Amino acid sequence: WNFHVWNDVWMVRNDLPAGYGGWQAVDATPQETSEGVFRTGPSPLAAIKLGEVYFHYDTKFLFAEVNSEAVNWMVMKNGDIVEMDVDRAKVGKCILTKAVGKDEVCDVTSAYKHTEGTPMEMIAVCNAQNYVKCHKKAEKATQKDVCIVPDAPSHLMIGEDVYVPVHVKNKSSDKRKVFVAITANVVHYTGVKACTLKTHKETVTVDPGKEKDVRMVLPVSEYVDKLVEGAQVRFSVVGMVAETKQTFVGQEIFQFKCPVIEIETEGDLAKGHEFTAQLKFKNPLPRKLNGCSFRLEGPGIHGALKKKYKNINPYEDVCFRIKLTPKRSGRRKILANFTSKQLSGVLGSKTIEFARDLSTPPTSPSKSDKLEDGSGEGAKKDGDQS
């Protein structure tokens, strides 16, 4: 997976020394057992940050979730497995949660770990290694005089062409002949490959102190009909320097952005009075959408409902209208989700203040009306990447 989700809870820990109460990490949906039970935590964040993995419960596991190394291996033709590359900063780059009382992201990385590469971070890692039977080597990876850096785009709307440059920089005093292979795979949110989109191979000669780019171009026509839920593409890069046999292996997970549903209202916003909600977005694809439907949910307004919608033409502006009657007054939120065979993950939300009756005017709704699409950023605790 390229992300992991768990929970933080605040509690007193009378079973631990003073200073280890407060925020504890737990997992409501553990994927493996701990001491024979499907359980994770509670583990004190204070202990995780300091590498004090001997405190209960499952602190070793949680420390590894935010501090592990990512090791890339190559399987040779004779079956041997050779370590190719070690990324010591890939896991635990960004740990996020939802801010209290508003639809914003709160960065809590500093509550779990010290800044990568600082003396305090190295002390915490060494501290943890003293209490495990097997651990990764702490020494630095072999220095390489050719630097290969993939540069996948960070934000790109689905329906646009993708350009992925790989920067090859020669830091030596001699010419370097470098082979680079870039492969684009559609992946599920679990990281399992769904299909291969394209492979590009190229050999470049780079002068001393210079840099060249190897670029893959992925037109919309080559991916639009092959994406799965989450709309994620994994770019894998393998590089080898002919003169020194230095190798590089890297991966970048890229998630397309989807349109955001804009929600507008018409009519009286009061308990028991019908109003109209308009859901709007634009089809970003050069494809007709079929099998379309909207899902809406609004606690205190209406229960979960699903409505079928007509086929949508390429680049068409969509406007879906539905009548709703709130059952309760106060601040309520409408959540909307659009799906089709060609496009899914189109989300939106709006906070609305409903009056008790028409004689009591509602207050203005929160400015935080829209919910960005699900691209791995939101209220997730990211164990692998941001």
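Colleague: Why does V91 count as buried?

Modeller: Its relative accessibility is 9%. Buried means under 20% relative accessible area, exposed means over 50%, and partly exposed is in between (1.4 Å probe, protein chains only). The value of 9% falls under 20%, so V91 is buried. This is a predicted model, where local features need pLDDT of at least 70, side-chain atom pairs count only at pLDDT 80 or more, and totals for chains, interfaces and linings use all residues. Residues are numbered from 1 along each chain as its sequence is written, and side-chain values use heavy atoms, with hydrogens and water left out.

Colleague: Where does V91 lie?

Modeller: In the loop between strand 7 (81-87) and strand 8 (94-98). Strands (E, at least two residues) and helices (H or I, at least four) are DSSP runs, numbered from the N terminus. V91 and A64 are 27 residues apart in sequence, and their C-alpha atoms are 8.9 Å apart in space.

Colleague: What makes strand 12 "mostly covered"?

Modeller: Nine of its 12 residues are buried. The strand spans residues 176-187.

Colleague: How do you know that strand 12 pairs with strand 13?

Modeller: Two strands pair if DSSP finds at least two bridges between them. Here 12 bridges join strand 12 to strand 13 (residues 193-206), and the two run antiparallel. V187, for one, has K193 in strand 13 as its bridge partner. Five residues sit between the strands in this hairpin, and G191 takes a positive phi near 95°.

Colleague: How many bridges link strand 12 to strand 15?

Modeller: There are 10, in the antiparallel sense. Strand 15 covers residues 232-241. I182 stands opposite V237 there.

Colleague: Why do strands 20 and 23 count as edges of their sheet?

Modeller: Look at the order of this open sheet of four strands: 20-19-22-23, with antiparallel pairing. Strand 20 (302-309) and strand 23 (346-354) each have a single partner strand, so one side of each has no neighbour in the sheet. Neighbouring strands of this sheet are turned by 15° against each other on average, direction ignored. That angle is taken between axes, which are lines fitted to C-alpha atoms; angles between N-to-C directions run from 0 to 180 degrees.

Colleague: What joins strand 22 to strand 23?

Modeller: Nine bridges, with the strands antiparallel. Strand 22 holds residues 330-339. R331 has E353 in strand 23 as its bridge partner.

Colleague: Now the rings. How many aromatic pairs are there?

Modeller: The count comes to 14. W10 and W23 form one of them, at 5.4 Å centre to centre and 85° between the planes. Rings of Phe, Tyr and Trp (its six-membered ring) pair if their centres lie within 6.5 Å; planes under 30 degrees apart count as stacked, over 60 as edge-to-face and the rest as tilted. So 5.4 Å makes W10 and W23 a pair, and 85° makes it edge-to-face.

Colleague: How exposed are W10 and W23?

Modeller: W10 has a relative accessible area of 61%, so it is exposed. W23 is at 45%, so it is partly exposed.

Colleague: Why is the pair of F275 and F354 called tilted?

Modeller: The ring centres are 5.5 Å apart and the planes stand at 50°, so the pair is tilted. F275 lies in strand 18 (residues 275-282) and F354 in strand 23, so parts 79 residues apart in sequence are tied together. F275 is buried at 1%, and F354 is buried at 3%.

Colleague: What makes E35 and R39 a salt bridge?

Modeller: Their side chains meet at 3.9 Å, N to O. A salt bridge needs a side-chain nitrogen of Lys or Arg within 4 Å of a carboxyl oxygen of Asp or Glu. The distance of 3.9 Å is within 4 Å, so the pair qualifies. E35 is exposed at 67%, while R39 is partly exposed at 22%.

Colleague: How many salt bridges does the structure hold?

Modeller: It holds 14. Among them is K280 with E264, at 3.2 Å. This pair links distant parts of the chain: K280 in strand 18 and E264 in strand 17 (residues 262-266), 16 residues apart.

Colleague: And K310 with E316: how far apart are their closest N and O atoms?

Modeller: They are 2.9 Å apart. K310 is partly exposed at 45%. E316 has 19%, so it counts as buried.
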